Each structure stands twice: as C-alpha cells, then as structure tokens.
Amino acid sequence: MSSDPRQRPDGATLTMSGFAGATASQAALDPDAGLWGLAYFERFGVNEALLRAAFDRALMHGADWAELFFEHRVSNSLGLEDGAVNRAYTSVSLGVGVRVVKGDQTGYAYTEELSKERVCEAAATAAAVANGPSRSGPTAFQVQKHLDLYQVKVPLSTVGVAQKMPILSRIDALAGAADPRVTKVRVGYADSYGAILVVDSDGHLSFDRQPMSRLTVHCTAEQNGQRESNGCNLAGREGFEFFTDARVERIAKDAVERTLFLFDAETAPAGEMPVVLAAGSAGILLHEAIGHGMEADFNRKGVSVYSDKLNQVIAPKDVTIVDDGTRPFDRGAVNVDDEGNVGQRTTLVEDGVLRTYMHDRISALHYGVAPTGNGRRESFRHPPVPRMRNTYMLPGPRDPQEIIASVKRGVYAETFTNGQVMIGAGDFTFYIKTGRLIEDGKLTRPIKDTNIIGNGPQCLERTDMVGNDFAFDDGGWTCGKDGQSVPVSLGMPTVRVSAITVGGVNKG
Amino acid sequence: MTEQDLLDLARQAAALSKRHGADDAKIVVGRSRGVEVEWRDGRLERVQERTRRSLSAELFVDGRYSASSTNDLRPEALDRFFAEAVAMTRLLEPDPYRGLPDPKRYEGRAQVDLDLFDPTQAKVDTPSRLEMSRHLEELVRANAGDLPIVSVTSGVSDDAGQSARVHTNGFEGVASGTSFSRSVQITVKEPDGRRPMGYSYTVRRHAADLDPAEKLAREAIARTAAQLGAGKLPTGRYTIVVDRRAVGRLLGAFLAPLAGSSLQQKRSLWDGKLGERIASPLLTLIDEPHVPRGLGSALWDGDGFATRRRPLLEEGVLRTYLIDDYYARKMAVEPTSAATHNFSWAYGDRDLTALVGEVGEGVYLDRFLGGNSNETTGEISMGCAGRVIRNGLLAEPFAEANVAGNFGEIWRQLAAVGGDPEPNGSARAPTCVFEGIQISGV
C-alpha cells in the first residue's frame, strides 16, 4: 500500500530512467511460445464463450462499442553492484481491462482474475457509463492484420539467469578497466516478454507478442577528491539476441566516457541564446515541444496549444516530423497498438505544415478520421490514450559543421536525461546532461546539468537550420502521461534553435 | 478479504517459500480497490475502477537474494512462482550482506491508532462521485467571472487498501488505509493562442478532512487567472518566494543523497557531512511517522523496523542518513531506516502574503517544470513560472523561466520559513524564501 496518494501531475514527462525494478527469469515460464491469438490465453481460462459473455455484459446498457484487453507479461531483471551479480527481480502480471465507450465517454474496469464471473463483473462495472437498452455482442471473431516488426531469434522465456549473468560481469569488467578513476560500476539487465489480445465488440481480434530488452550502466569516478556519476542505457524490442558484444562494449565505453566528461564540465551560462542540438537523442525536443501537444485527446478537449492549428504553417519549410511505430526492433515499435489498430508511420508536420494529430479510437471517431495506431496503454489496468511511438525529424539541407559554425555564442546539447511539457501553455523543458559551449562557431568548454526551457510553437518557429545528418537514439526512453508509462524512442538530425532560454548559472 | 485473510495468505506464502528451499523470506500481500471519475465540460468523461492485488517476496537462499512479485494468486500458480523464484535465486552470485534484519529492530512498535482508514469509503457510490465532480465544475463556472475558459475538468477519486507483511524471523504486520482526492483544472485561452491551465487539488485519508469544494474552485480560478498574459523574466539573481506546493521539488533533490545506496555507491553530495551544517539554521526537518490520518504515516518500514520520530536536520545540521538494513551492513554502520513519512518543520508565523510583503522585490515561484539535479555534486536546474513581486505585492505573471544553482547552496540561502504547512501532502511544506537565486529568462 503506497503511503502517499498520487497528486495531479503538472504535465507529461519523459525520463531516461535508471534501472527501475522489473525483471530476471529462468527458462520456460512461458512453456507455449508457439501459441498465438486466443490460444495463448486459453491456458488462463480465456475462450470464445468467455468473450461472448463479457461482451453481453459490457453492452447491457447499449454503448457504442466495447473492448477487452488481455495481457500477460513476465518481467525480469538482474543487478550487478560491487562486482557481483547478486540481485534478481521478477514480476508476473496477468489480467484483462474492459472498456465501454459511448461517444467520448469511457467506462473502464479491470480484473486480475480471468474467470468468467470476474470478467463479467468488470464488464458490468464498465457498462455503467451508458444508460440505453442492451444490445448484442459479436457472434464471430475475425483476426486482424498486423505488422511483424520484432521477430525474436532467441525467445527471452527460454533464457535462464545463468546465461544472462556473464553479460553484466563483462560490462563491469570493461567499465572498471577503462579508466583508473572509475570507482563504482552498477549494471542493470532487464527483459520482458508476454502478449496482448485485443477484442472489440465488432468481433475484431488482434494479438501481439511484445519483447523488450534493456541494459543500464551507472558509473562513479573520482579525480583529485572530486566525484562524478553518470550513466547510460540501451533498449529495443528484441529477444536475447539484443545483448550483442557490440552493445555490451559500447554501453561500457559510453558510461565511462560520459562520467569522466563531467570532471571538466560546468553548468552552462544563464539566459536566452542559440542552442544546437546534436543528432540523435535531441529528439526529446520534439517529444516535448510538439509531440504531446499533437496527441488528439488534448485537442478534442481544446486544451492543447495546437488545438486550432491543423493545416497551418507551424514551422519553417525544412521541418518534417513523423511519429513512427513501424521501425523494426525499435523500443517504440508496435505491430498493433493497444486498441488493435495496425502499427503505422504518421507524418505530423510536413514541410512546416501541421498535417494530423495522433489518434486513438475515440479521438479518430471524434474527428471522423482513421485511427493512426497511437492508442497505447501501460497495462490492462489502464484505458488507452493517444501516445507517441518513435518521434523524429527528417534530415534537412544543412551541413552540421555549418550549423555549429553559425553560432557566435551558444550551447551544443549532446545527451539528455528527461523532459516535461505543459500541454496548453506549450512551455516545455529538457535537461542536458552533457554538451559543450559554442564560442565563435567552435565547440569549446564542456557543460553539464543544465535545463532548457522554451515554448513549443515558438521553438518550432525558431528551428531555423536542419542538418543533413540523422541518428536514431536507442536509449531506454519512457514517456509518462495520465499516470501511465509507455516505452518510446526518438531521432533527430543536427538542428539549430535560434534562441531559447538556457537554465544555467552566470558567474560573479 | 479481511486483514486476517491477508495475513493468513502472507504466512502461507512464507511457509511455502521455505518448503521450496528458501532460508528466509519477506512477504507482502496487498489488495486495494478504488474508483476514479473524471467530469469534463458538463458531462462524464471517464469512470474507472481499479481492483489490485499482489504478492511480493524477497527471498534469501544460500546467501543469495532475489525479489519477485505476482498478481496470480491461485494456489497452483503460487506454488510454481516460489519453485521458480527459489531456483533462480540459487543461480545468482552470493551477497554476504543480504539477510533478514535483527528482530530487535522490530520491537517497540508504537501503540497508536494512526486512523488511516475511513470506513465511509465503502459507502461512496459513483452517482455521488459524479455529483461531486459536476458540482465542482459548476462552482468554477459560476465564480470564474470573465475568465476565458476553454475547458474545465474535475475529478473525484477514492481508494481503500490493505496489506500484510510477514518475515520468516517473526515480523508480522497488517495495515489498512484509505485515500480520497478531488481536483479541478481550468484551461483558458490567451489572445496569442496559448492555453494555460491552472488547477487545485486536495488529498486526505478521511473524506471529512478534504478541503471544501468552494476552496478548490476559488484556488483553481485564482491560479489560472494569475497566468494570463504571462511574460518573460530578465535573467538575474533574485530573492525567490517558493509556493508551499512547489517546495517539495527542491526538498526532494536535497534529501536524495541521504540514501544509503547513494552513500555506499560514492555518489552522495552529503558523504561525510553527518553532524555538519548543510543548510540554513532556519531548516529543521523532523520525520513524524505517527501523525494520525497522516498521508505518510506508518508503524513499520520496508525492513520491518518500528518507526520512530526523528530529526533529519536541526537548525541546518544533518542529524541522520537514511540507511536501510542492507546498505548498513555493506557500510558496516547501524541502520537508520530508509523511510521518511510526514515532515514537520520549524514553522515561522507568516503566510504567503506576509512573506511577499516582507520580501518587497523579487519573484514568487508558483510551480516548477521538469529539470533535474545531480546528487553527486549538487547541481540543480529546473523550469519555473510564477509572478513578479513588486512593492511587496504579487504583480505580473511570468513563465518560461528557469532556476539553477547547487541545491546545497540554495538551502543555505533559505531566508524565511512560513507558518502555513500544506495539508495536502506528507512533506507539509510551508512557503519558503531563498535569497540570491539564479534565474534564467531573457
């Protein structure tokens, strides 16, 4: 029982979290890896008769439509601290959420017991959102098409702790040997696997298996009595094959370098100045500055700064932004979203013009458009809402060197930890962990721990140079909204924002 | 399920873990049920029921350690859960510092009724929740004057939960609690297209203690109206008056390096500072675990230690770290408990208005946005918004600003503490005034 009931969040957040408890398993918790669709959930007592009974209850007061979301998830993690892989965490989660919708109105209930009696109880609770005469549910179920973006080579359910432990030890050894100043290394390994089954009252049935693999490394280093700590992480929708030698070596190297970098770094200066964002994880700017504001739930309610901006010019011509759930093995990829809509690539801003919002089923019906595959949820305990997947800007015409050279005095931002936005006012922040000053067109002193604050629409207008380079970031980003966390990813070319407030400190 | 049922289940699970080969175990079984309604612009937006249950087990097997949880409580599923968890734990590397706490630390549990459970929660029905939400919106709209409202969302939510904890070396405890909350948020439209949102909320253990709807409506209207026409602030150093609702962000960054994990892993700014003055003499912070109806109240912590009132800081002097049983063993020190509950401060006697009047010239920070801090070195940088203080009064609003510095230095620059603890939160923070703080703007 948590002691402090949650408070209303100030806005949507994005974090590059450390390794927060999730996972470690041994083989064969999932003995039927070949099972697909309804068959996967049959061992938990789910069958067509249960579906029919549940829909009868869900539609007992009419309602426009209803949906059942079954989920089974096994999460495992291992931790290395002070040289030993000596802690493991595992969790098993199973349940079904029932959603009943009338117009924009939602009734939602879930149960963690998949008996017909309990599922029908949850359905009756959710049904109370409507008040009309009952109607009948589906008589037959049709399997929907979906993508196949994350075929697994080595299923995580078949890999035991013994096979995973050497990965952590190797990273520890590499990081520890990389530099004598490194005093502490912590390594986190996490994986999760399982499946979702979405069935709606039209009889559409969608199924997806959702693997996720992740590594996290934190280092502390000491130099002349000064200490610094930093970390880094990598994630993807892959099976055990995710943990390649290349990734293991890279994360150890990056974690050490990013920690040692801080010894010579200072907080940036304070005030408004040009900021150049390095290609890659600077996609956090898009996520915060415009991404959340383009989620259609905020717009149908009229509470987004982008509410009246469809088909208007909101950015310079070189700016094209997509939200893409179709990149293979990507942390934000979805074969189907959590409402059963097929995964898609959605162009949000095309040559500076706002083309579409990101929709879930409710908002798509509200606007009379097709769903965009953005209906996502943390688990069966939550109703889906429009969420981002992988949000990135397409490359533009400029040479990245030219972009840096164009700045007389400003900041070059390279790595980030987290961001946040106020959807309506449009004010957003993102936190620079490492970067450099730009002085007279050149990268100079290292900087660290500096927050940036800007206003989304204004910042987009000021995105006046877009590089011809591009990088995806494969860090383990997690987006928070409405008390729900979902995995997302980011990408960005090098860009310049001509003026934005840098939250540093001025000396003297 | 009654408290006794939960306790029985926890005992059975503890026995089951031993049958499968665990030397020791810490078991927690919990269940909760709650309902939340959201009302928007004259109609129901969403009604959501949540019924959770879970069993979590920390296992100690052959000098090795793991923690697992499941919500599948069917007997055959639990049997397999423990069999697999024990087998997995055996494969790990040993950790000589893992083990159950010394049972003497379980002793001395306070004999007080924390009064955390309000039985009226079971009688609340959804029509009454909807009526409360509707009423909140109506109050806002009736009293908003010419506020350019785009949308009003109100929410009503209540939860009840029980949990039982059993350790195989004798600890047993059962606790129940309820929580109730109400909130309302108002979105308005500015001529330039921005749509700022202001909100208010109340959260309590007992329904009767909730702030009245009239107060919530008044506060949300005032907080929204105060954002209209927000400009930018010139970059500079200011005396800042931090709203009691926002103080928690600054306090959280300051306290994070007190954790045993942070100290043992050598990434704590406060390493070696015990007994030293690390903040202004105006900062006294007492952890009070036994406040009746307190949002953070508890009789034991995650190690089963009996909770006690204790000072964290007295007149700015650091009195204790927050070290759990495991990290205490690793550090070869006495554990002090990692948990904090409700804080009490050395409160002053002035409220926000009086403090603003005293400050004369400066800025009032109403809220923080995003940002982060570095627990190893103390750097902190967070977005902020609020109002300019001029001639001792709150003047024009500003947004898109950022406060930065070192959180150690910031708390050393604490210049005044209000007498107005925030009742809707366990930090019970008062309005705080800090001098000479860097703010970035234009």
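In strand S12 of chain A, Arg345(A) is the bridge partner of Asp324(A). The two residues belong to a predicted model, in which local features need pLDDT of at least 70, side-chain atom pairs count only at pLDDT 80 or more, and totals for chains, interfaces and linings use all residues. Residues are numbered from 1 along each chain as its sequence is written, while chains are lettered from A and ligands numbered from 1 in the order in which they are written.

**Strand S11 of chain A and its partners**

- Strand S11 (residues 321-324) of chain A is joined by 4 bridges to strand S12 (residues 345-350) of chain A, and the two run antiparallel; strands are DSSP runs (E, at least two residues) numbered from the N terminus, and two strands pair if DSSP finds at least two bridges between them.
- S11(A) also pairs with strand S16 (residues 390-393) of chain A, in the antiparallel sense and over 3 bridges.
- Within S16(A), Met393(A) is the bridge partner of Ile321(A).
- S11(A) is covered on both faces, with Ile321(A) and Asp323(A) buried on one side and Val322(A) and Asp324(A) buried on the other; a residue is buried if 20 or more other C-beta atoms, placed from the backbone, lie within 10 Å of its own.

**Nonpolar cores**

- In the largest nonpolar core, of 149 residues, Val275(A) and Val411(A) touch the most other members; such a core is a set of buried Ala, Val, Leu, Ile, Met, Phe, Trp, Tyr and Cys residues joined through C-beta atoms within 7 Å.
- Strand S18 (residues 427-439) of chain A gives the largest share of this core, 6 residues.
- Not counting residues up to four places away in sequence, Val411(A) touches Ala268(A), Met273(A), Val275(A), Gly435(A), Leu437(A), Ile438(A), Ile447(A) and Val502(A); contact requires C-beta atoms, placed from the backbone, within 7 Å.
- Another core, of 66 residues, lies apart from it and includes Ile167(A), Ile171(A), Val29(B) and Phe82(B).
- In soluble globular proteins, nonpolar side chains tend to be buried together.

**Interface between chains A and B**

- The contact between the chains involves 82 residues of chain B and 81 residues of chain A.
- On the side of chain B that touches chain A, strand S2 (residues 43-61) of chain B gives the most, with 10 residues.
- That side of chain B comprises 25 nonpolar, 38 polar and 19 charged residues; Ala, Val, Leu, Ile, Met, Phe, Trp, Tyr, Cys and Pro count as nonpolar, Asp, Glu, Lys and Arg as charged, and the others, Gly among them, as polar.
- Strand S4 (residues 105-111) of chain A pairs with S2(B) in the parallel sense over 3 bridges.
- Gln48(B) in S2(B) stands opposite Tyr108(A).

**Domains of chain B**

- Chain B is divided into domain 1 (3-31 + 49-106), domain 2 (119-224) and domain 3 (236-440), with bounds from an automatic or database domain assignment.
- The centres of domain 2 and domain 3 of chain B, taken over C-alpha atoms, are separated by 25 Å.
- Domain 2 of chain B contributes 10 residues to the contact and domain 3 of chain B contributes 6 residues.
- On the side of domain 2 of chain B that touches domain 3 of chain B, strand S4 (149-167) and strand S6 (197-204) of chain B are the elements that give two or more residues.
- S6(B) supplies the largest share of that side, 3 residues.

**An open sheet in chain B**

- Chain B has an open sheet of 4 strands in the order S10-S9-S8-S11, with antiparallel pairing.
- Strand S10 (317-318) and strand S11 (342-345) of chain B are the edge strands, each pairing on one side only.
- Strand S8 (residues 285-288) of chain B pairs with S11(B) in the antiparallel sense over 4 bridges.
- Phe343(B) in S11(B) is the bridge partner of Asp287(B).

Conventions: Contact = placed C-beta atoms within 7 Å. Buried ≥ 20, exposed ≤ 12 C-beta atoms within 10 Å, placed from the backbone.
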